[in-house]
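Hi everyone, thanks for coming. Please have the sequence and the 3D view open, and we'll walk through a few places together.

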Amino acid sequence: MVNQSKSKMALSKIDAEIEQVDQEKYLRQATNYYQALEKPLKYGPVIETMDQLITALHREFESNYVNIEMVNHLMLSYKSNPKEWRKYAKFDRYTYTRNLVDAGNGKFNLLILCWGEGHGSSVHDHADSHCFMKMLKGDLREKRYEYPNRPNNSVSRDTSHQHSHEGDIDPRELVEIGETPIAVNDVAYINDNLGLHRVENPSHADTSVSLHLYCPPFDSCSVFQDNCKKTTAKVTFWSKYGVRTKPNEQ
């Protein structure tokens, strides 16, 4: 009885500590070690619809301690069904679009990005957040680069090329570290400790659609030119919940 009482007390203490965790701070710290799952967890729930995915994501973010592996599992488990996401898929003739599906009560953003033929992003970071990207239609190609002057990459360890002021980061070109095709129902994951990336639709005949989860959500990120020049860019929504946004609502 004494041992059981002590065990209950210990578990209660752990539960209390978890409840006191700052969720946003915890998620940002988790980018220091999280690498991504290659396939769904054996013990994880099966997600059959987008509504189930959204409900399950809200459940995971109810606790301050977010199981980021389970979030990854949920994104992997969902299988693309155009009937479920077509209403959010809004294209623009000239650029890829970011369409908000769910704001996650301010704890995450779930978006559908639509890529016209040949459309691509700039090289960018993710403001110390987690980024999961699942293909719903077509194909995308991801190019990754070392994050200039991050403490865990080779560029930053070369002290002869340190930045003199914000904006001028490194006189050399960005260092490409990999290129990966992303096919339907694949999930790519990146955070700033893993590098920067650029995403593009390699097809000049077909469009592509991808589902993105960002946690914590962010309203600006850094974009990089080939000479490592860094600027801050505001991220906006082309539509929200299937409705085209006005400039002051983005």
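Let's begin with a question: how many bridges join strand 3 to strand 10, and do these strands run parallel or antiparallel? Strand 3 (residues 123–124) and strand 10 are joined by 2 bridges, and they run antiparallel. Before we go on, a word on what you see: this is a predicted model, where local features need pLDDT of at least 70 and side-chain atom pairs count only at pLDDT 80 or more, while totals for chains, interfaces and linings use all residues. Residues are numbered from 1 along each chain as its sequence is written, and side-chain values use heavy atoms, with hydrogens and water left out.

Helices (H or I, at least four residues) and strands (E, at least two) are DSSP runs, numbered from the N terminus. Two strands pair if DSSP finds at least two bridges between them.

Back to strand 10, then. F224 in strand 10 is the bridge partner of V123, and F224 also stands opposite K230 in strand 11. Strand 10 and strand 11 (residues 230–234) run antiparallel, joined by 5 bridges. Their hairpin has 5 residues between the strands, and there C228 takes a positive phi near 70°. Strand 10 is largely enclosed by the rest of the structure, because 4 of its 5 residues are buried. Buried here means under 20% relative accessible area, exposed means over 50%, and partly exposed is in between (1.4 Å probe, protein chains only).

P216 sits in the loop between strand 9 and strand 10 (220–224). P216 counts as buried because its relative accessibility is 4%. What is P216 in contact with, leaving aside its neighbours within four places in sequence? The list is E24, L27, R28, K107 and S129, where contact means heavy atoms within 4.5 Å. The C-alpha atoms of P216 and Q23 are separated by 8.6 Å, although these residues are 193 apart along the chain.

Now turn to helix 3. Which residues of helix 3 (residues 50–60) are buried? They are M50, L53, I54, A56 and L57. These residues are on the same side of helix 3, because they cover an arc of only 165° around the axis; the arc is that of the directions from the helix axis to the C-beta atoms. A handy rule: an α-helix has 3.6 residues a turn, so residues three or four places apart point the same way. The buried residues of helix 3 pack against several elements, including helix 5 (82–85), strand 1 (97–102) and strand 2 (109–115).

That brings us to the inside. A nonpolar core is a set of buried Ala, Val, Leu, Ile, Met, Phe, Trp, Tyr and Cys residues joined through side-chain atoms within 4.5 Å. The largest one has 36 residues, of which L110, I112, F132 and L213 touch the most other members. Helix 3 is among the elements that give two or more residues to this core, and so are helix 2 (23–30) and strand 4 (130–137). Helix 4 gives the largest share, 6 residues. A second, separate core of 17 residues includes L100, C131, A188 and F237.

Let's stay with F132, which is buried with a relative accessible area of 0%. Rings of Phe, Tyr and Trp (its six-membered ring) pair if their centres lie within 6.5 Å; planes under 30 degrees apart count as stacked, over 60 as edge-to-face and the rest as tilted. By this rule there are 7 aromatic pairs. One of them is F132 with Y189, a tilted pair at 4.8 Å centre to centre and 45° between the planes. F132 is in strand 4 and Y189 in strand 7, 57 residues apart. Ring pairs link Y34, F132 and Y189 into a cluster.

Last stop: salt bridges. A salt bridge is a side-chain nitrogen of Lys or Arg within 4 Å of a carboxyl oxygen of Asp or Glu. How many does a search of the whole structure find? It finds 5. In one of them, E200 meets R141 at 2.7 Å, N to O. E200 belongs to strand 8 (residues 196–200) and R141 to strand 5 (residues 140–145), 59 residues apart. E200 counts as buried at 13% relative accessibility, whereas R141 is partly exposed at 27%. R198 also forms a salt bridge with E200, with the closest N and O atoms 2.7 Å apart. R141, E179, R198 and E200 are linked in a network of salt bridges.
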